[in-house]
Amino acid sequence: MSAVDPIPGAPPAALAEPTVPVRRGWIALLVAANLGLWMAFFTPLQVLLPQQVERIAPDAKETMLAVVTGAGALAAVLANPLAGALSDRTGGRVAGRRLGRRHLWTAGGALVGALALVLLAQQRTILGVTVVWVAAQVCFNAMLASLTTAVPDRVPVAQRGAVSGWVGIPQPLGLVLGVLLVTTLVTGHAAGYLAVAVAVLVLALPFALFTPDDPLPRAHRPPLSPRALLAAVSPRRHPDFGWAWITRFLIQLGNALGTLYLLYFLTDGVRHPDPDGALLVLILLYTAGLATTTVLAGWLSDRTGWRRVFVVVAGVVIAGAALLLAAAPVWSAVVVAALLLGAGYGVYLSVDAALITQVLPAAADRARDLGVINIANSAPQVLGPAISAPIVVHLGGYPALYGATALVTLLGSVLVLRIRTVR
């Protein structure tokens, strides 16, 4: 799409519904940017932060990890829609060149977020870790707000399932590569944080530098008023958007409940002799399951026009895997569960992402509205530690935790049937 309107009176390119299929090079750069982003999110959460917290507070590691990750997730809840709303209204010129709406946020989030990771490695108190992790979460959620909007901004509806499938792969792949990076290629959590910071910059900046980003004319940019920035989408006026949010929230809450204490589950529940190595094996299996299903499910969803049934099937598979963990906390069962979780989540990632882009209320507020949707990703990271810690410590341990994971996930997947405007 051109940055210049081809027809007088037509909406500017930044607001027009995309009709030209995106090319493989564009998809590859978007996938790389998302890979860097998810490495920055997941590698600290799964490896570096648990190790760092255990060194600082070994006798209260579960509670302190919940404090750190919960504070970071709360910051993400606030930062994502705010950055999205600002992105929708971004414009101006630098050195005579008109700025687009998105890439400034992608590049800025990567640069400042990488600096935050370097500073995080230097922290020696729980308070210091919490404060700097919050700063990192703000930066990376600004990136997430802009990168998430790339699909509805530039990808036609008939291509969104397949593209969303490719964009979904970096989530688990980022964790795999991040874990390999910080456990085999570098040693020590300080070097690990630095390596992840470099990866973010190398992977994310090319998308911001070498892909188009249509500017939005000033006449189409609403004022930057607090009321406009904080305005929420009314679920009464847009019920399908509301149900899409609830579905995403519940499934991501199940994911948060099931993954936060995975390293501790392998140590204390399964009693694996090498929990760090076992975690890497599970992540690889999970990624293999996801990679097998995500692009295929997205392509099938595009071909059939069906979205909701794929989400329901995904939820059933994920819930079944969680029940297996609850009933049989042994290594062989955990291996099977990892494959099932990856397969189910792969279907969910691609199809639900495409579904959500079809219920966004307005093109002018895509990033803000997707930021609101992304609250359904980050809010469970706040609630997950608050719910899972007492379950593990006081209310039945890991079997109860994974039973709750199955229940919440299944409920979220069934509620997608309340969406009416998408098949």
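Is Glu 17 buried, exposed or partly exposed, and what is the relative accessible area of Glu 17? In this predicted model, Glu 17 is partly exposed, with a relative accessible area of 45%.

**View 1. Salt bridge between Glu 17 and Arg 160.** The closest N and O atoms of Glu 17 and Arg 160 are 2.9 Å apart. Glu 17 belongs to the segment before helix 1 (24-56), whereas Arg 160 belongs to helix 6 (residues 160-168), so the pair ties together parts that are 143 residues apart in sequence.

**View 2. Salt bridge between Asp 88 and Arg 101.** Here the closest N and O atoms lie 3.7 Å apart, and the pair links distant parts of the chain, with Asp 88 in helix 2 (residues 61-88) and Arg 101 in the loop between strand 2 (97-98) and helix 3 (103-120), 13 residues apart. Asp 88 counts as buried at 1% relative accessibility, and Arg 101 is also buried, with a relative accessible area of 1%.

**View 3. Network of salt bridges around Asp 88 and Arg 101.** Asp 88 and Arg 101 are linked with Arg 102, Asp 153 and Arg 366 in a network of salt bridges.

**View 4. Salt bridge between Arg 154 and Asp 214.** The closest N and O atoms of this pair are 3.0 Å apart; Arg 154 lies in helix 5 (residues 150-154) and Asp 214 in the loop between helix 8 (189-210) and helix 9 (226-230), which places the linked, distant parts of the chain 60 residues apart. Both Arg 154 and Asp 214 are buried.

Definitions and conventions:
Residues numbered from 1 in each chain as written. Predicted model: local features only at pLDDT ≥ 70, side-chain atom pairs only at ≥ 80, totals over all residues. Heavy atoms only, no water. Salt bridge = Lys/Arg side-chain N within 4 Å of Asp/Glu carboxyl O. Helix = DSSP H or I, 4+ residues; strand = E, 2+ residues; numbered from the N terminus. Buried < 20%, exposed > 50% of the residue type's maximum accessible area, 1.4 Å probe, protein only.
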